[in-house]
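Hi everyone, thanks for coming. Let's walk through a model together, and please have the picture open while I talk.

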Amino acid sequence: MSQALTYAYYPGCSGLGTSREYDQSTRAVCDALGIGLADIPDWSCCGSSPAHTVDHVLSAALAARNLAKVEAMGRDTAVTPCPSCLTNLRTASHRMADNAFRERTNALLDTPCRNTVTAKSVLQILAEDVGLDALARKVVKPLAGLRVAAYYGCIMNRPPEVMRFDDHENPMAMDGILAALGADVRPFPLKVECCGASYGVARRDIVARLSGRLLAAAEDVGAEMVATACPLCQMNLDLRQGQINSAGGTSHHMPVLYFTQLMGLALGVPEERLGLDKVCVSPRGALRAAAERAAAETAKGSKA
Amino acid sequence: MKIGVFVCHCGSNIEATVDTASVAGTARAFPDVAYATDVMYSCSEPGQDGIIQAVREKGLDGVVVASCSPRMHETTFRRAVERAGLNRYMLEMANIREHVSWIGKDREANTNKAAELVRLAVEKLRRNRALFPKSFDITRRVLVIGGGVAGIQAALDCADGGLDVVLVEKTSSIGGKMAKLDKTFPTVDCSSCILGPKMVDVAQHERIALHAYAEVEEIGGYVGNFEVKIRKKATFVDWSLCTGCGLCMEKCPSRKSHDAFNEGVGLTTAINIPFPQAIPKKALIDARFCRQFLKGKCGVCAKVCPSGAIRYEMEDEVITEKVGAIVTATGFDLFDHTKYGEYGGGRYPDVITSLQYERLLSASGPTGGHVKRPSDGREPRTVVFVQCVGSRDTSVDRPYCSGFCCMYTAKQAILTKDHIPESQSYVFYMDIRAPGKLYDEFTRRAMEEYGARYVRGRVAMIYPKGDRLLVRGADTLMGEQVEIEADLVVLAVGAEAAAGSPALAEKLRISYDKYGFFMESHPKLRPVETNTAGVYLAGACQGPKDIPSSVGQGSAAASKVLGLFSRQKLESDPQISQVNQRRCVGCGKCALTCPFGAVKMIDVRGEPKAEVIETVCQGCGICAVTCPQGAVQLEHFTDNQILAEVNALCQS
Amino acid sequence: MPILAGKELRIVGFLCNWCSYGGADTAGVGRFSQPTDLRIIRVPCSGRIDPLFIVKTLLYGADGVLVSGCHPRDCHYGQGNFYARRRLEALKRFLPIIGVEPGRFEYTWVSASEGQRWQQVVQGFTEQVHALGPSPASAVFGACREIPDEKGGPRVAV
């Protein structure tokens, strides 16, 4: 692993609010891996939810303001944990490849954006820049015995021509990372399906149906935990699990963690820096079951 | 010199954006132009007669035709000037259709450009001279590459026409994809019953030499006299002794070898005859699975073989064959569906390809014709067919339609109902492409008589649900999402160019398109010829084709070969290099660079000089550029001619 | 006859018969519209193109020269485009020495099936030459342009 891995860091608004533990654990994991995260000074909204439904130029300008700040930092890569931020930053870059569009966007900005920055997800830099082998070497507490389903959500890899990362129908980056940490990663067929996030306020019945299907599928493949990379996915699957259960008459009890939290555990980061207490469905049971399974496995191995 | 210029309207193809009368008018002022006119269709009979008449009446020594591409009609007009009594090389063409009228709408610019191209042609023609071909002997044998149905047809037709045929097949039996099919559309007749007899004919034909389990390694020479190196891969069985009794297969202890013939749905033995009707019916050892090779001990087959044919020490052998023409019939491969992550990327055992399903349907297949799920051997009740997997999809770089999948899917839906009467088939389709005799009627029967439910839309994803598969797609006619729980999913995978096609094309010196399919000489009028003389195409190597089309092309290629060989001698193209021996200093660089070995060094009064072997030279002109003395010139493309063209364009 | 003043520049193409000339034909058949500046000279193989042809063309006053052959490994004659590639690479480095801007000469590979690619190549090269404007060469070298008429006369007089 190169000593010089330092990126401009864009936490996104969820990182300061609903997904504080994602931001915390990301910083802790990068710290443990020797990756520098330089916060973008005076960052602002990425242009998510409202703007892009109304005006592409306005939405791009919101993203481009942040990209321009990264340019001012003298960096060429911005990383963000949130796939929604990532989508907006990358879409803006993609659209600004057209000079006319870029000019219209820059007309709204004090500092024009040259469009020289590539936005990447935390998942992408961990999978590509750090690499699975290097990661595996850093593991101090393997996640052995942990049956986990990796859930990427619908926008981490799509649209492929904008995101340019992993297979957009069957991504494997998170699967690979979790496997490198020693977990028993289950093939999860719905790993890129919608959780219903955009209907989170207006049509909770749809969220309950779509997210419920995800939890059921995860149970079907024998997972005892779901790992996510998206604040909205995590919220829908975790916070709303009670609503899902009452709407569908089910009794799911599925902890849903950010993959960075699991990484932190494996890399030996102190729990208080990972925000495990921030999630609604406690992961304790699943982690304990995994540890017991691993111990039994080791015992069996040494007996044989 | 007196030159005549004929500017073609090509109906409205040229005239619409080029003022041909004005081009002809401008041309009259060019040096040596004695006559210039515009004509409606210069390639038509009256058009050609007009050229001939003008040559005779005006006493012309050369003709410029400004019309379409010379790649289209150069031969036509060369014959016309020859009929008029001129040498055929006293013709030049100006391409004012493909390179002018069809690519721009600005009439003024086009007219000006057309006149410049005519000027260029005139300046070249002024420096042309009469050229005369040499005739040379030919080897009346033909090489057919690929033993699928197209290659079989080509080989049989050539052999029946009295030619000796060398048939090279990559696998250990001829038959190709057709041999793997259970039934064929739209007649639902048994594939091996109609193909089998033809395969036997190949084996028994005294004029056909079959090299199975062999590949073309190297091709040298040129039309009439190719020299082909063929690598006969080691089978580890002496085929001159093997009787095909199959005892070795019965006794072989390695029973978990990949079964390529059954598309991996079954397993076979390490020593095997791929299928009962194989031609030649000879065993071969798959060294990847044989215990003798993996562990160094076993030798069961050697012990049981009644004719003592086993040869573990056998090595590849390279043989050389001399032929006069080559028919390429290397067929196609199936699209690799693991590229579709949303369909499981190959992870689900009960998501199979159409050709695997064909083996499950076949009475000679691994399940004896009983349709069983690969995962648990259960008979499926609900079968979902997904069409256009690797066809008409730019996201996997396969924008083309494979043509036959709609038909074979309908056939498989019909056969499913025949095999399992209580089953229900669903077919997800984009459009139904069934243009052919009795084809559309056939797909309708699948729906109406056999109750296959056709859903117009693509499948978004397939994932396991319990021990079944959930197929989720769109019904674009109903405008809603559909979810079907299936026991078995059959992917109608499209056709792609056979693996190794580009490498073979490079050996044959023929062109291929970006997908690896070989390029024909003309998409409509010369569908089985290539731009390399003496090399012909048959079947799906040129593009996806069903059986009737492949057989038709096999016969067509054979007729082209028979036509070529009906001449006693072939004429060489005289547009070849010539050495001016007074200028030649005997450095030998031309001989070194020539890709064909067409330049030899000779001794002229004690001094080394280069000499071109006229029937071997192919006229590329590499030597002409290499020669430091300007002693080598390529006839019809001399330095002076090319520079005259440059001059014609650059003088203002 | 002059090029259309103010509209066109003088661009000369040397195309091999088997691939690129065919590709240009395919572009025509597909009606892929292109700028009208380019005039194509057909040669059997890109290996037939003497770099000195290109030098002469530029000195005679062409504003741009485009060479196109078969893709590497795809040559109708087996190796012609490899010879061409070496020669043209050397030429590329030589042209600035005699004062020709690098953008006035390009070589590329287009197969007979790549009509659309040919359209893009022509479009791109024409725009590139137009960005450079008319070549100053014809004014400077206008004097040295005589063409030997007899075969075997003096070769390229550069």
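First, the ground rules. This is a predicted model, where local features need pLDDT of at least 70, side-chain atom pairs count only at pLDDT 80 or more, and totals for chains, interfaces and linings use all residues. Residues are numbered from 1 along each chain as its sequence is written, chains are lettered from A and ligands numbered from 1 in the order in which they are written, and side-chain values use heavy atoms, with hydrogens and water left out.

Let's begin with chain B. Its domains, whose bounds come from an automatic or database domain assignment, are domain 1 (3-125), domain 2 (141-233 + 316-331 + 500-565), domain 3 (247-304), domain 4 (336-496) and domain 5 (577-635). Between the C-alpha centres of domain 1 and domain 4 of chain B there are 55 Å.

Now the interface of chain C and chain B. In contact here, meaning heavy atoms within 4.5 Å, are 63 residues from chain C and 65 residues from chain B. An interface's size is often given as the accessible area lost when the parts come together. For chain C and chain B, the buried area is about 5,600 Å², with carbon and sulfur atoms giving 56%; buried area is the accessible area (1.4 Å probe) that two parts lose on being put together, summed over both.

What about charges? Chain C and chain B have 7 salt bridges between them, a salt bridge being a side-chain nitrogen of Lys or Arg within 4 Å of a carboxyl oxygen of Asp or Glu. One of the bridges joins C:Lys7 to B:Glu108, at 3.3 Å from N to O.

Which element of chain C gives the largest share of the side that touches chain B? That is helix 1 of chain C, with 7 residues. Helices (H or I, at least four residues) and strands (E, at least two) are DSSP runs, numbered from the N terminus. By class, this side of chain C has 30 nonpolar, 15 polar and 18 charged residues. Here Ala, Val, Leu, Ile, Met, Phe, Trp, Tyr, Cys and Pro count as nonpolar, Asp, Glu, Lys and Arg as charged, and the others, Gly among them, as polar.

Over to chain A. Here 10 residues of chain B are in contact with 9 residues of chain A, and the two chains bury about 830 Å² between them, 50% of it on carbon and sulfur atoms. On the chain B side, B:Arg347, B:Met461 and B:Tyr463 lose the most area to chain A, together 43% of what that side buries. The interface of chain B and chain A has 2 salt bridges, and B:Glu483 meets A:Arg213 in a salt bridge at 3.4 Å, N to O. Strand 24 (residues 459-465) of chain B gives the most to this side, with 4 residues.

Next, salt bridges within chain B. Over all chains, the count is 71. B:Lys233 and B:Glu215 pair at 3.0 Å, N to O. B:Lys233 lies in the loop between strand 12 (225-232) and helix 8 (247-251) and B:Glu215 in strand 11 (residues 214-222) of chain B, so the pair ties together parts that are 18 residues apart in sequence.

Buried or exposed? Buried means under 20% relative accessible area, exposed over 50%, and partly exposed in between (1.4 Å probe, protein chains only). B:Lys233 is partly exposed at 21%, and B:Glu215 is partly exposed at 36%. B:Glu496 and B:Arg398 also form a salt bridge, at 3.0 Å from N to O; B:Glu496 is buried at 14% and B:Arg398 is buried at 12%.

Last stop: B:Thr269, in the loop between strand 14 (267-268) and strand 15 (271-272) of chain B. B:Thr269 is buried, at 5% relative accessible area. A polar atom of the B:Thr269 side chain lies 2.6 Å from the backbone oxygen of B:Ile271.

Technical notes:
A polar contact is a pair of N or O atoms within 3.5 Å; within protein, one must be able to donate a hydrogen and the other to accept it, and residues adjacent in sequence count only if both atoms are side-chain atoms.
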